[in-house]
Amino acid sequence: MERVILGIDPGTVMMGYGVIKQVGKSIQFIEMDVLNLSKEPDVAKKLHRIFECTVALIEKHQPSHLSIETPFFGKNVQSMLKLGRAQGVAIAAAMSKNVPIHEYAPRKIKMAITGKGTASKEQVAKMLFSLMKIDEIVPKHLDATDGLAAAVCHSLQNDISGVVEKKCKGRKTSTPTRKYSGWETFIAQNEKRILGT
């Protein structure tokens with residue numbers, strides 16, 4: 001099995017992304033960086049740039065999957081809304097190119113990489129660098145390694161028919177993950193979100 005996975009850590013200030021190639025159980029690092037939106041004051045233009053950047057990455061690397069981090073539920077509602085919009089635009093960009101989308105919660109990504117759902121960004125980065133034998137690249141922002149972590153998280157999953165099986169301390173557990181293969185499946189699974197009900 002060979003596949004290219006694009007991982008995205010969405011954000012309206014900094015969008016992190018990472019690209020890997022998986023051949024069997026072997027994972028090869030391709031690229032990671034950030035889209036820095038901190039100097040763009042217009043929200044609509046930020047979202048447009050996220051869309052354009054995602055499309056450009058897809059056209060460049062031709063990924064077979066997009067793995068994206070879902071917004072976490074925090075106390076700051078405004079931050080959650082901004083993250084949700086950034087995630088939605090990246091998903092729309094992938095869907096416009098017919099790339100299947102897989103969403104993972106931040107805790108699940110951290111668990112997949114470090115074995116600890118409460119790991120810090122630094123711990124995730126350190127584990128990724130060790131796992132993929134990256135020593136010559138030092139990202140300016142940890143959002144880049146967060147994007148890479150999303151890609152690696154998906155590569156570590158045994159994803160069959162929307163069910164993720166993972167080994168946890170010698171036991172296998174199955175948890176559902178949302179998977180969209182086109183607008184039709186997205187609408188069917190998110191009717192309430194789209195209609196606002």
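This is a predicted model: local features need pLDDT of at least 70, side-chain atom pairs count only at pLDDT 80 or more; totals for chains, interfaces and linings use all residues.
1. **Overall make-up.** The protein chain has seven helices and nine strands. It runs to 197 residues, and buried residues make up 45% of them. Among contacts between residues at least 6 apart in sequence, 59% join residues at least 24 apart.

2. **Salt bridges, the count.** How many salt bridges does the model hold? The count comes to four. Three of them, taken one by one, are described in the next points.

3. **K21 with E2.** These two side chains meet in a salt bridge, at 3.3 Å from N to O. The pair links distant parts of the chain, 19 residues apart. K21 sits in strand β2, residues 14-23, and E2 in strand β1, residues 2-9. Is E2 buried or exposed? E2 has 56% relative accessibility, so it counts as exposed, the cut-off being over 50%. K21 has 25% relative accessibility and counts as partly exposed.

4. **E31 with K60.** Here, too, a salt bridge joins two side chains, with 3.3 Å from N to O. E31 lies in strand β3 (residues 26-36) and K60 in helix α1 (residues 43-61), so this pair ties a strand to a helix across 29 residues of sequence. The two partners sit in contrasting surroundings. E31 is buried, because its relative accessibility is 17% and the limit for buried is under 20%. K60 is exposed, with a relative accessible area of 56%.

5. **D146 with K121.** The side chains of D146 and K121 form a salt bridge at 2.2 Å, N to O. Which elements does this bridge tie together? D146 belongs to helix α5, residues 142-155, and K121 to helix α4, residues 121-131, so the bridge connects two helices. The partners are 25 residues apart in sequence. D146 is buried, at a relative accessible area of 9%. K121 counts as partly exposed, at 37% relative accessibility.

6. **Helices α3 and α4, geometry.** Two packed helices are described by the angle between their axes and the distance between the axes. For helix α3 (residues 106-114) and α4, the axes come within 9 Å and cross at roughly 40°.

7. **Helices α3 and α4, contact residues.** On the α3 side, the contact is made by K110, I113 and T114. On the α4 side, Q123, V124, M127 and L128 take part. What kinds of residue make up this contact? The residues divide into four nonpolar, two polar and one charged. Helix α4 also carries K121, the partner of D146 in the salt bridge of point 5.

8. **R107.** This residue lies in helix α3. Which residues does R107 touch, leaving aside its neighbours within four places in sequence? R107 is in contact with G117 and T118. R107 and E69 are 38 residues apart in sequence. In space, their C-alpha atoms are 9.6 Å apart.

Key
Residues are numbered from 1 along each chain as its sequence is written. Side-chain values use heavy atoms; hydrogens and water are left out. Helices (H or I, at least four residues) and strands (E, at least two) are DSSP runs, numbered from the N terminus. Buried means under 20% relative accessible area, exposed over 50%, partly exposed in between (1.4 Å probe, protein chains only). Axes are lines fitted to C-alpha atoms, for helices over the stretch in contact, and angles run from 0 to 180 degrees between N-to-C directions. Contact means heavy atoms within 4.5 Å. Ala, Val, Leu, Ile, Met, Phe, Trp, Tyr, Cys and Pro count as nonpolar, Asp, Glu, Lys and Arg as charged, and the others, Gly among them, as polar.
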